[in-house]
Amino acid sequence: MSLAEDLVIEILERLPTKSLMRFKSVHRSWNALFKTNSFVCRHSQRQKQSHQQQRFIIFHAAYDLDPGPVHKLNLLLLSSSTFHVQDLQYPLHHRNNYHLERIRLLGYYNGVLCIRVTLSPNSNSSEGGGGDSFDETIVWNPATKETKVVTHSPFPPPKDFCHCFGFGAAHPNTFDDFKLIKIYYPFPDSDNANANDVFAEVYNINTNSCTLIQDIGADDITSFDNHSYGLFSNGVCHWLAYEGTHILCFDLASNKSRKVNTPLTQEFSTIHVARDSIAYAVRRNLGFPIYDYNLIEIWILNQDYCSWTKLWNVGTLDVSIEIYALWKDDTEFIGGSRYHALASYDSRAQPKRLFQFSDYGLLEVHMHEYVESIATFSL
């Protein structure tokens, strides 16, 4: 390769995603280049380095009296001095005589969202709104506006089963091998399912293939929220058990699962992506007479997946405030609630900055650090 070609590629790596999308038709070789994992990886790293502020995608449901909870997606641009909210216009796959009823987030990885949408028939359509509600699972790259509907499972759906989801890739910094995992486990009070009947389906988004995994230990699948999604970090999806006793980990490269015990067992706990690992935030109630405040401890899972390191103790925090994400090299966290505006808090639980987020009455919030990517789902 000549020096000129090297320089051209380096220049292309520094351009924003929108420009690259226009340049796809300039040269056939450029279109092929933009689909290679090495180029997508370097471009994503350049994009992260070029932004002086951290970006977050926020998925949230807010109260609306009519017709009910409204699910929205926003891109938040945050820094110590600026705050900007940008609505993400999701290219919905509406079908004739159907409307969008609900959006559920199934996972996020390297600029790509995996979403499950529920479409319901219109009652006032000319055809009477015939038909039943149905779900579609969709992967979506907001930067390129590319979407892809995940094909339905070739295996018959079981009855009386819960399921949880995970989304990511088999290896870190992989942009051409996206995978979605769906783990099935029996309802706790089911009479028709065997307690040991726990299995998973792993979908390869790029190749449109599905693999059935049957060797998942039933003792690892306990007390998970139905339809919950796992956090992805370093090739592994993570789900936190209700009681905070353990985290279920599923390796998307080996298709193997394992259980990691948490450093403290606490019902009111959450997990977050931090330092290319998983952070565990546990709340301790102070008891009488200050029931309205918690002490927070934040731990980081070590690379051996056996031990934990305490990151810091957080001062007393109002019990209604949820921790949504860690940022600023994990020295602060973003939190809020239906009753408190979105804010950044330091390790003493003191608000450093309030963000005038316009959508109040939040029901649920999921935040992920966002970096633009030109990752594609087509081969």
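## Basis

Numbering starts at 1 along each chain as its sequence is written. In this predicted model, local features need pLDDT of at least 70 and side-chain atom pairs pLDDT 80 or more, while totals for chains, interfaces and linings use all residues, and side-chain values use heavy atoms, without hydrogens and water.

## The open sheet

Four strands make an open sheet, ordered 12-13-14-15, with antiparallel pairing. Strands are DSSP runs (E, at least two residues), numbered from the N terminus. Two of them pair if DSSP finds at least two bridges between them. Strand 12 (231-233) and strand 15 (256-261) are the edges, each pairing on one side only.

Strand 13 (residues 236-240) and strand 14 (residues 246-251) run antiparallel and are joined by five bridges. Trp-239 has Leu-248 in strand 14 as its bridge partner.

## Salt bridges around Asp-135

The structure holds 10 salt bridges (a side-chain nitrogen of Lys or Arg within 4 Å of a carboxyl oxygen of Asp or Glu). Asp-135 pairs with Arg-104, with the closest N and O atoms 3.6 Å apart. Asp-135 sits in strand 6 (residues 134-141) and Arg-104 in strand 4 (residues 98-109), 31 residues apart.

Asp-135 also forms a salt bridge with Arg-116, at 3.6 Å, N to O. Arg-116 lies in strand 5 (residues 112-121) and Asp-135 in strand 6, so this pair ties together parts 19 residues apart in sequence. Asp-135 is partly exposed at 25% relative accessibility. Arg-104 is buried at 10%, and Arg-116 is buried at 13%. Buried means under 20% relative accessible area, exposed over 50%, partly exposed in between (1.4 Å probe, protein chains only).
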